[in-house]
Amino acid sequence: MSLPRFSNVSYEQYWALREQSDEWLEYIDGAVYMAPSPSIKHQLVSSNLHTELGLYFRGKPCNVFAAPTDIELASDKFPDRKVVIPDLSVICDSKGFTETKYVGVPTLIVEILSPSNQAHDLVTKFNLYMAYDVKEYWIVNPMKEAITVYTLNEEGLYEQADVKAGTGVVQSACFPGLQVALEDMFR
């Protein structure tokens with residue numbers, strides 16, 4: 001998702017577009033973004049990471065969701081609505097579930113970069129998730145076989161909590177014991 005497909009779109013118009021489309025569409029600041037088809041490597045990494053997160057959260061009060069799960073970010077700080085479709089999200093507050101989406105803020109969001117969506121995930125979504133107080137944000141770069149973990153500090157800003165490339169183990173800042181070996185993610 002690099003460039004908006006439509007601009008100056010209302011929330012209601014966005015949902016009308018969604019009803020007419022089979023594509024994954026996100027809604028941020030009045031713009032509609034379309035997700036590119038993921039590569040095989042993207043899907044492999046997503047599957048591997050989903051499995052690891054699923055095993056960690058089994059029996060715990062949090063749930064792991066893979067795309068396409070609609071997340072309508074909601075905060076008392078912001079009256080406008082935004083809808084994103086993260087590659088993976090960990091949701092620990094079950095109050096926000098509806099039949100078709102989650103309304104609230106996930107505790108952890110993972111975005112897997114593709115060549116065509118890097119700016120969207122590294123800038124637009126980075127700032128959006130930080131503003132909405134997503135406690136932890138993982139950026140996975142399959143091209144460099146790297147994972148960067150960001151966590152919110154006391155000022156509400158993201159700071160890098162961990163980063164590994166090629167080999168090693170990344171660790172969650174929010175979930176003790178949640179760690180992922182890069183060799184298992186990029187095989």
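How big is the volume of the largest pocket? It comes to about 270 Å³, and the legends below take that pocket and a few other spots in turn. Bear in mind that this is a predicted model, where local features need pLDDT of at least 70 and side-chain atom pairs count only at pLDDT 80 or more, while totals for chains, interfaces and linings use all residues. Numbering runs from 1 along each chain as its sequence is written, and side-chain values use heavy atoms, with hydrogens and water left out.

**View 1. The largest pocket and its lining.** A pocket here is an open set of points on a 1 Å grid over the protein atoms alone, where a 1.4 Å probe fits, with protein on both sides within 12 Å along at least five of seven lines; lining residues have an atom within 4 Å of a point. Grid points are joined across faces, edges and corners, and the volume is the space filled by probe spheres set on the points. The lining holds 20 residues, with Trp24, Pro38, His42, Ala67 and Asp87 lying nearest the centre. (Nonpolar covers Ala, Val, Leu, Ile, Met, Phe, Trp, Tyr, Cys and Pro; charged covers Asp, Glu, Lys and Arg; the others, Gly among them, are polar.) At least two lining residues each come from α2 (40-57), β9 (108-112) and α3 (118-131), and α2 gives the largest share, four residues. Helices (H or I, at least four residues) and strands (E, at least two) are DSSP runs, numbered from the N terminus.

**View 2. Helix α2 and its buried face.** The buried residues of α2 are His42, Val45, Ser46, Asn48, Leu49, Leu53, Tyr56 and Phe57. Looking down the axis of α2, these buried residues fall within an arc of 170 degrees, so they line one face of the helix. The arc is taken over directions from the helix axis to the C-beta atoms. Buried means under 20% relative accessible area, exposed over 50%, and partly exposed in between, with a 1.4 Å probe and protein chains only. As for length, the 18 residues of α2 should span 26 Å at 1.5 Å a residue, and the end C-alpha atoms sit 25 Å apart, which agrees. That expected span is 1.5 Å times one less than the number of residues.

View 3. Strands β2 (residues 25-28) and β3 (residues 31-34) run antiparallel, joined by four bridges; strands count as paired if DSSP finds at least two bridges between them. Glu26 has Tyr33 in β3 as its bridge partner. Two residues separate the strands of this hairpin, and Asp29 in the turn has a positive phi of about 55 degrees. Seven bridges pair β11 (residues 146-152) with β12 (residues 158-165), also in the antiparallel sense, and Tyr150 partners Gln160 of β12. Five residues lie between β11 and β12, and Gly156 in that hairpin takes a positive phi near 80 degrees.

View 4. Most residues other than glycine have a negative phi, and most peptide bonds are trans. Asn8, in the loop between β1 (4-6) and α1 (11-20), has a positive phi of about 55 degrees and counts as exposed at 76% relative accessibility. Asp133 has a positive phi near 65 degrees; it is found in the loop between α3 and β10 (136-141) and is partly exposed at 35%. The peptide bond from Ala67 to Pro68 is cis, with omega near 5 degrees, and Pro68 belongs to the loop between β4 (63-66) and β5 (71-75).
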